[in-house]
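Below is a walk through one protein model, from its charged pairs to its strands and then to its pockets. Please keep the structure open while reading.

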Amino acid sequence: MRQPPAPAVILTPGADAPNPMLLTAGGRYYLYTSQTNFWTPNVSVRVSRDLRRWDGPPVDAMPVTLPWAAVGFTWAPDVHEIGGRYVMYVTSALKDRTPLTQCIGTAVGSRPEGPFVPLPKPLVCQLDRNGAIDPRVFVDRDDQLWLHWKSDDNADVDGTSHSSIYAQRLSGDGLRLVGGRTRILEADQPWEGRIVEAPDMELVDGRYWLFYSGNWFNQPYYGIGVAECEGPAGPCRKPFGGPWLSSNAQGEGPGEASLFTDRDGTTWILYSPWAQAYTTPTPRPVAMARVTFGRDGPRLAAVP
C-alpha cells in the first residue's frame with residue numbers, strides 16, 4: 001500500500017537543532033538554531049544554496065556569550081539585516097540569579113554568518129513576569145520595526161499563571177524599544193495549557209497572521225496556533241478552536257515555528273517536532289513545510 005507523503009521534509013536529519021530561524025541573504029540561506037548543551041555553539045548557523053545541502057557543519061554565529069548571561073543557555077535566535085548590518089535577537093539566562101530567569105539580548109555583525117558581537121545590556125527582561133523569551137522581529141508595511149516576545153510566567157513550573165505574547169516598537173537601528181508594550185495574545189484555549197510562546201507574525205495580502213506555539217514544548221500536546229491581528233500590536237483573535245498544526249507523522253509536539261520566503265517566492269514554515277514518533281533518534285530536528293494563504297487563512301501545502 002502506498003504511503004501518504006510526509007507533511008514536511010527534515011532539513012537536519014541526525015542533528016538536534018531546536019528553535020529554527022532562516023535568513024535569505026546574498027543568494028544563500030542561513031539557518032540559525034539554539035544551543036543544545038554547554039559544549040555546543042551559542043548560536044549554530046548552517047549555510048545552504050538550495051535548502052537541501054549545507055556548506056559543512058554548523059559554526060558558532062555568536063562565539064562570545066552575552067556579557068550578562070550564564071554560559072550554556074543561549075537560544076531562540078532571530079536575525080535581520082537592519083541599516084546595512086545584521087542584528088541578532090536571542091534569549092539567555094541571567095547569570096548569578098536564582099531562580100533561573102531569562103531575558104532577551106542583542107548582538108550585531110557585518111555578515112549573516114557572524115561573528116555577532118553581543119551588546120552589553122539586555123533589551124527585555126520583564127522580571128515581574130519571570131522573564132522574557134522568544135524574540136521575533138516583524139517589519140510592517142511602512143518599514144517600522146516591531147519586537148514580539150513571550151513573558152516567561154511558566155518558568156514557575158508548579159505555578160498557575162499564564163504566559164502572554166507582547167508587542168513593542170523598535171528604534172530604526174533595531175537596538176532600542178520605543179513607546180509602550182502591549183499584550184496581544186493570552187493562553188485561553190484548553191489545548192494551550194498555561195502557555196503561548198514563539199510568536200512569528202506575517203503580513204499577507206493586507207492581513208496580519210500571528211503564528212505561535214502552545215503548551216509545554218516537550219509534550220505531544222505542544223502545537224502551533226494561528227491568530228489574525230488588526231496590526232502588529234493587535235488586537236488579535238483566534239479563528240480556530242484548536243491548534244493549526246499538531247502531532248503528526250513527522251513528529252509529536254510540533255512548535256517553535258518561523259516562516260520565510262525563498263528565492264522563488266514560495267513561503268515555508270520551519271518548526272521543531274519533538275520527534276518521539278519520527279525515525280531519527282534526535283529530540284528536535286528542523287522540519288520544513290510549504291504554506292499558502294487564502295480567504296480562510298494559512299494552510300499547509302504539499303511539499304514539491
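**Salt bridges, strands and pockets**

The whole structure contains 14 salt bridges, a salt bridge being a side-chain nitrogen of Lys or Arg within 4 Å of a carboxyl oxygen of Asp or Glu. The model is predicted, so local features need pLDDT of at least 70 and side-chain atom pairs count only at pLDDT 80 or more, while totals for chains, interfaces and linings use all residues. Residues are numbered from 1 along each chain as its sequence is written, and side-chain values use heavy atoms, with hydrogens and water left out.

One of the salt bridges joins D188 and K238, whose closest N and O atoms are 2.7 Å apart. This pair links distant parts of the chain, 50 residues apart: D188 is in the loop between strand 13 (177-186) and strand 14, and K238 is in the loop between strand 17 (236-237) and strand 18. Strands here are DSSP runs (E, at least two residues), numbered from the N terminus. D188 is exposed at 56% relative accessibility, whereas K238 is buried at 18%; buried means under 20% relative accessible area, exposed over 50% and partly exposed in between, with a 1.4 Å probe and protein chains only.

R207 and E228 form another salt bridge, with 2.8 Å between the closest N and O atoms. R207 lies in strand 15 (residues 207-214) and E228 in strand 16 (residues 223-229). Salt bridges with shared partners also connect D78, R136 and D200 in one network.

R136 stands opposite H148 in strand 11. Strand 10 and strand 11 pair in the antiparallel sense over six bridges, where pairing requires at least two DSSP bridges between two strands. Strand 11 (residues 145-151) is mostly covered, with seven of its seven residues buried. Strand 11 is also joined by five bridges to strand 12 (residues 164-170), again antiparallel, and W149 has Y166 as its bridge partner there.

Where is the space in the largest pocket lined by strands? Strand 6 (69-82), strand 10 (132-139) and strand 14 (196-204) each supply at least two residues of the lining. The pocket holds about 660 Å³ of space. Of its 32 lining residues, W75, Q102, I133, F217 and R284 are the closest to the centre. A pocket is defined on a 1 Å grid over the protein atoms alone, as an open set of points where a 1.4 Å probe fits, with protein on both sides within 12 Å along at least five of seven lines; lining residues have an atom within 4 Å of a point. Grid points are joined across faces, edges and corners, and the volume is the space filled by probe spheres set on the points.

Methods
Helices (H or I, at least four residues) and strands (E, at least two) are DSSP runs, numbered from the N terminus.
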